[in-house]
Amino acid sequence: MASKVIQAIYTDDDLLLQAVKQVREARYRIGEIYTPFPVHGLDKAMGLAPTRLAITAFIYGLVGLSVAIAMMNFIMIEDWPMDIGGKPSFSFLQNMPSFVPIMFELTVFFAAHLMVFTFFMRSKLWPFKTAENPDVRTTDDHFLMEVEVANHNTEDLTDFLFNTGASEIKLIDNK
Amino acid sequence: MYTLSSKLKLFSIILMVVGLLGLVYGFIAAPSTIEEVRELVAHDNHGEAVEMPLTGQTEDELEDDAKGFDYVPSEHQVETERTDEEVHSMAEDAELVHLEHVLHQLQNKPWAAVYVAAFFFFMIALGVMAFYAVQYAAQAGWSPVLFRVMEGITAYLLPGSIIMFILLALSGFHINHLFVWMDPEVVAHDEIIQNKSGYLNVTFFLIRAAIYIAGWNIFRYFMKKNSLKQDDATDNVFYKKNFKLAAGFLVFFIVTESMMAWDWIMSFDPHWFSTLFGWYVFSSMFVSGITVIALVSIYLKSRGYLPYVNDSHIHDLAKFMFGISIFWTYLWFSQFLLIWYSNIPEEVTYFVTRIEDYGLVFFGMVALNFIFPLLLLMNSDFKRVNWFVVMTGIIILFGHYLDVFVMVMPATVGESWFIGISELSALALFGGLFIFVVFNSLTKAPLLVKRNPFRKESEHYHY
């Protein structure tokens with residue numbers, strides 16, 4: 001089923017934000033927006049759900065903390081409790097202060113790295129990935145909004161987008 | 001303009017009166033002779049009279065002692081050439097020494113309670129002053145709508161620091177025994193303190209205190225004055241003056257604050273020293289100060305006096321509360337870990353007494369000051385919920401009161417500590433005074449700065 005999209009190109013981020021609001025008010029569906037830099041407030045204007053990346057990072061941090069505690073409790077207290085320089089190794093709590101630097105670092109390490117990988121996987125980014133750029137100029141100074149045609153009249157939609165200030169409008173067959 | 005509600009005024013006056021009465025009771029109830037202590041110890045259900053081992057006595061023999069001096073152990077004969085009477089008198093001497101020790105601690109107790117509460121509220125005002133200066137020096141765009149709140153809170157700096165000076169002077173004139181090194185008899189037998197007497201002597205101590213207090217208050221006076229003048233000015237000359245004053249204050253502050261921490265807190269334990277102590281005390285006052293700014297702002301906002309303060313301002317304050325709480329924990333732990341790890345006797349006694357006699361308070365306060373703000377303020381949405389910030393703020397303030405408590409008490413009252421009438425009364429007295437002074441000062445100037453160059457940005461601040 002060949003669905004069609006209209007790509008409207010804007011040259012100004014304020015214009016784009018304005019257009020996004022108008023398009024959403026007119027109940028057209030925005031497929032994707034390509035910008036060369038983060039446009040403040042674009043996600044709110046598009047009505048995107050807030051990210052849950054921070055929540056995953058918190059959980060990863062807890063995992064890191066657990067790993068650090070389990071590791072050091074096993075190695076230093078259970079498996080081979082040795083007297084090293086008179087440090088008390090009778091229980092985890094007694095020797096805990098000296099473990100804290102590692103507990104802290106592993107928490108940060110897990111939280112940071114696993115969150116980054118989560119981000120890469122969720123946004124489908126990896127080396128040798130084919131770029132999905134509809135127009136090279138969107139990495140430089142142009143903003144591109146894709147609006148799904150669906151069962152709307154192409155003519156009306158084009159006129160509408162033109163009135164929102166689009167400088168170029170293209171009708172594209174979506175692969 | 002803010003008008004002090006009669007309810008708040010009455011509340012603060014009641015707090016002060018109740019606190020004063022409680023303190024008077026605390027001072028009267030403190031024992032003045034050894035006989036009274038003997039009775040107190042005898043009536044105390046918790047502790048049996050502590051037995052002091054005599055020279056050459058083992059633990060076993062001490063237990064035998066408890067059964068009475070006539071009791072002759074069968075298995076291990078005490079082999080001394082002393083007669084029973086001699087042993088008896090030695091034990092009595094030891095008990096006398098112990099009771100005298102407890103007497104000093106109990107006499108110190110109401111004084112230490114006053115000192116902790118006075119320092120706690122004074123430190124809030126000074127912490128707010130530091131935050132205020134940072135906001136000016138950093139040309140922060142979000143905070144000018146809160147400047148008048150901060151100026152109101154720093155109004156307590158003058159009375160608070162004068163009270164601190166009076167307390168220090170009273171110690172210097174031997175009205176109380178809070179500072180061991182001020183006791184000439186102790187110094188005469190203590191070579192370590194003797195070697196430090198070039199720095200730790202009452203005259204120099206009071207001169208230093210006067211310099212810190214004068215400096216902070218002069219900076220505060222001129223910054224407040226310029227801030228008010230800027231309201232009616234036609235150019236930014238007073239703003240620029242304040243910018244320079246803020247930078248100057250921060251330099252002066254970081255030196256004097258550090259020395260103040262050595263003088264007013266660390267010298268309670270004159271045998272002990274820690275290099276990061278000044279920053280540690282600073283972080284404590286900074287986070288308490290920011291918390292109080294947040295609490296006062298939320299209170300005034302809830303009464304409709306700060307319509308231009310929005311959730312984003314509260315969010316920023318909560319972020320500071322969160323971040324500086326963690327900074328405090330970092331310093332607390334750095335100090336603790338280094339001393340615990342190396343375990344050098346001359347340093348470690350500081351923590352040994354705290355862990356043995358103050359275990360729950362000592363570690364409980366770390367939980368209050370670290371784990372609560374960490375978990376409660378981590379979520380971005382929670383930082384915008386006013387009652388959430390208030391709740392966490394109260395926990396932080398309580399935690400930092402305990403922090404000061406644990407810094408001061410072990411060296412002044414030792415194991416005779418208790419959070420009882422004297423402590424709560426002192427807290428009520430200075431809390432009432434703090435509320436009265438702060439909110440009274442808030443009525444003196446409009447709650448929004450008029451011509452601050454960042455005012456507009458601050459009013460529209462949105463995060």
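# Two chains, their contact, and what holds each together

Hi everyone, let's start where the chains touch: nine residues of chain A and seven residues of chain B make up the contact. Please keep in mind that this is a predicted model.

How much area is buried between chain A and chain B? About 650 Å², and carbon and sulfur atoms give 82% of that. On the chain A side, the residues that lose the most area to chain B are F58(A), K87(A) and P97(A), which together make up 64% of what that side buries.

Between chain A and chain B the count of salt bridges is zero, and one residue pair is in polar contact, with both residues at pLDDT 80 or more. Helix α4 of chain A, residues 96-122, gives the most to the side that touches chain B, namely four residues. Sorted by class, that side of chain A has five nonpolar residues, three polar and one charged.

Over all chains the count is 15 salt bridges, and I'd like to show you a few of them.

First, please find D135(A). Its side chain meets that of R137(A) in a salt bridge, with 2.8 Å from N to O. Is D135(A) buried or exposed? With a relative accessible area of 8%, D135(A) falls under the 20% cut-off, so it counts as buried. R137(A), at 26%, is partly exposed.

D135(A) has another partner too: the side chain of K170(A) meets it in a salt bridge at 3.6 Å, N to O. K170(A) lies in strand β4 of chain A, residues 168-173, while D135(A) is in the loop between α4 and β3, so this pair ties together parts that are 35 residues apart in sequence. K170(A) has 32% relative accessibility and counts as partly exposed.

Over in chain B, R354(B) and D269(B) also meet through their side chains in a salt bridge, again given from N to O, at 3.6 Å. Which parts of chain B does this pair tie together? R354(B) lies in helix α13, residues 345-376, and D269(B) lies in the loop between α10 and α11, so the linked parts are 85 residues apart in sequence. Both R354(B) and D269(B) are buried. And to close the salt bridges, back in chain A, shared partners join D135(A), R137(A), E168(A) and K170(A) into one network.

Let's stay with chain B and look at its overall makeup. Chain B has 16 helices and zero strands. Its C-alpha trace spans about 90 × 45 × 45 Å along the principal axes. Of its 463 residues, 52% count as buried. If we take the contacts in chain B between residues at least 6 apart in sequence, 81% of them join residues at least 24 apart.

T392(B) has 0% relative accessibility, so it counts as buried. What does T392(B) touch, leaving aside its neighbours within four places in sequence? Its contacts there are P373(B), L376(B) and L377(B).

Last topic: the aromatics. The structure holds 64 aromatic pairs over all chains. One of them is Y358(B) with F405(B): the ring centres are 6.5 Å apart and the planes sit at 65°, so the pair is edge-to-face. Y358(B) is in helix α13 and F405(B) in helix α14, so the pair ties together parts of chain B that are 47 residues apart in sequence. Y358(B) and F405(B) are both buried.

Y358(B) also forms an aromatic pair with W417(B), this one stacked, at 5.0 Å centre to centre with 20° between the planes. W417(B) lies in the loop between α14 and α15, and Y358(B) in helix α13, so here the linked parts are 59 residues apart in sequence.

One more thing to find on screen in chain B: a single aromatic cluster formed by W272(B), F277(B), Y280(B), W328(B), W332(B), F333(B), F336(B), Y350(B), F351(B), F362(B) and F363(B).

Methods. Residues numbered from 1 in each chain as written. Chains lettered and ligands numbered in written order. Predicted model: local features only at pLDDT ≥ 70, side-chain atom pairs only at ≥ 80, totals over all residues. Heavy atoms only, no water. Contact = heavy atoms within 4.5 Å. Buried area = accessible area lost by both parts, 1.4 Å probe. Salt bridge = Lys/Arg side-chain N within 4 Å of Asp/Glu carboxyl O. Polar contact = N/O pair within 3.5 Å; in protein donor to acceptor, adjacent residues only side chain to side chain. Helix = DSSP H or I, 4+ residues; strand = E, 2+ residues; numbered from the N terminus. Nonpolar A, V, L, I, M, F, W, Y, C, P; charged D, E, K, R; others polar. Buried < 20%, exposed > 50% of the residue type's maximum accessible area, 1.4 Å probe, protein only. Phe/Tyr/Trp six-rings, centres within 6.5 Å; stacked < 30°, edge-to-face > 60°.
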